[in-house]
Amino acid sequence: MSDSHDNGHEHVPSRQRRRFPGISSRAYEHPADRSALVALRKLSGFDTVFKALSGLLPERSLRLLFLSDSVRVSDRQFAHLNVMLRDACYILDLEKVPAMYVKQDPAPNAMCIGLDEPIIVVTTGLVELLDEEEMRAVVGHEVGHALSGHAVYRTILLFLTSLAVRVAWIPLGNVAIMAIVTALREWFRKSELSADRAGLLVGQDLQASMRGLMKIAGGNHLHEMNVDAFLEQAEEYEASGDLRDSVLKILNVLPRSHPFTTVRAAELKKWAASREYQRTMDGHYPRRDEDKDTSVRDSFRESASHYATHVRSSKDPLMKLVNDIAGGAGDLGDRMRRGFGGFAGSQPRPPKDGDGPAEGSGGSQGPEGPGSDGSDGDNGSDGPRSPRDGSPRDGA
């Protein structure tokens, strides 16, 4: 790992950007990130696999691999990236600067891995694709992974994905591993939303973050692209189609390690316009020395509240159906048929003689309908553990 970020920080951008002393990763963690990590840790067998692999993974071999076959960022190699890395650690107050490597690969990508100490790896394709401010957001994104302790789980995901291929011939062996891999991928996709927020806190330039995501999707043809039109794609993606499209969206994203870029851009823009982001920029944010006092119940409530709000406001046909069912609107079978376009114009069948009373049968709900108690699914004191319990601070 490199020296502390205090050394050599004289190289900073001319424009003024806010620093966040002692900031906790809770300040930028997406509620879905926390919820997915809670679900992952409650998955049967995950604790056993985690403990076993934590002592067996060849981290030393991994470091030697990058040291021997990549270019380590320093004052003498990729100096501009070294300045960005130190600057990102300074902004987010990360005590130690992670080692960073540039790997020859035309595909634009970056990752933060490692068990004891995080390593940041960026590809030549990414370095060549992005301008300075766009790259600053990406480096901040990876430093956000390091601050959040994401590297450990990312490393385990890479190992298990490789292992699943090697044991595919063993009856039922691959099934157990893929269950954990699927859960890890679901969490990792959500963790990307958190790291995007960290990148914005470092770069403090929303347009640069948007351009970077747009370039990752469409390449280095910025003069042919438009941020507003790109964000409109995200809205169209969420709202278009029927229930069949909703299912296809789920199937399309399952094998991916990252959310779709239009979705990431829309989520980031939404957070940048939020009161939470403004308060953080004003210096009012959770701090690391308060993490030990964080309430598990409050964290779970926040995650549940986020999902409830998402379902209510979503334009996705499946989410609309879930919202209608939760609100007691209509018959499930009828809603599904109309969602598939089969009976869009059909009217409810009037009751026949002998069908039972049409009134007083509990078909309508008063103001005390489902969820009106504000519980948001809280189970009480035996709910899921905090996603931060036991996660290493210096992993990414």
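Predicted model: local features only at pLDDT ≥ 70, side-chain atom pairs only at ≥ 80, totals over all residues.
Residues are numbered from 1 along each chain as its sequence is written, and side-chain values use heavy atoms, with hydrogens and water left out.

**Figure 1. The whole chain.** The chain holds 16 helices and 4 strands (DSSP runs numbered from the N terminus: H or I of at least four residues for helices, E of at least two for strands). Of its 396 residues, 42% are buried (buried is under 20% relative accessible area, exposed is over 50%, partly exposed is in between; 1.4 Å probe, protein chains only). Among contacts (heavy atoms within 4.5 Å) with a separation of 6 or more, 78% join residues 24 or more positions apart.

**Figure 2. Helix α9, residues 206–218.** This helix has 13 residues and spans 18 Å from first to last C-alpha, close to the 18 Å expected at 1.5 Å a residue (the expected span is 1.5 Å times one less than the number of residues). D205 caps the N-terminal end of α9, with a side-chain oxygen 3.2 Å from the backbone nitrogen of Q207. The buried residues of α9 include A208, M210, L213 and M214. After α9 comes G219, whose phi is positive, near 85°.

**Figure 3. The R17–D87 salt bridge.** The closest N and O atoms of R17 and D87 are 2.3 Å apart (a salt bridge is a side-chain nitrogen of Lys or Arg within 4 Å of a carboxyl oxygen of Asp or Glu). R17 lies in the segment before α1 and D87 in helix α4, so the pair ties together parts 70 residues apart in sequence. R17 is buried at 13% relative accessibility, and D87 is buried at 2%.

**Figure 4. The R288–D93 salt bridge.** Here the closest N and O atoms are 3.6 Å apart. R288 is in the loop between α13 and α14 and D93 in the loop between α4 and β2, so the pair ties together parts 195 residues apart in sequence. R288 is partly exposed at 25% relative accessibility, whereas D93 is buried at 18%.

Figure 5. E133 and R136 form a salt bridge, with their closest N and O atoms 3.5 Å apart. Both lie in α6 (residues 132–148), 3 residues apart, about one turn of the helix. An α-helix has 3.6 residues a turn, so residues three or four places apart point the same way. E133 and R136 are both buried. A network of salt bridges links R17, D87, E132, E133 and R136.

Definitions and conventions:
Polar contact = N/O pair within 3.5 Å; in protein donor to acceptor, adjacent residues only side chain to side chain.
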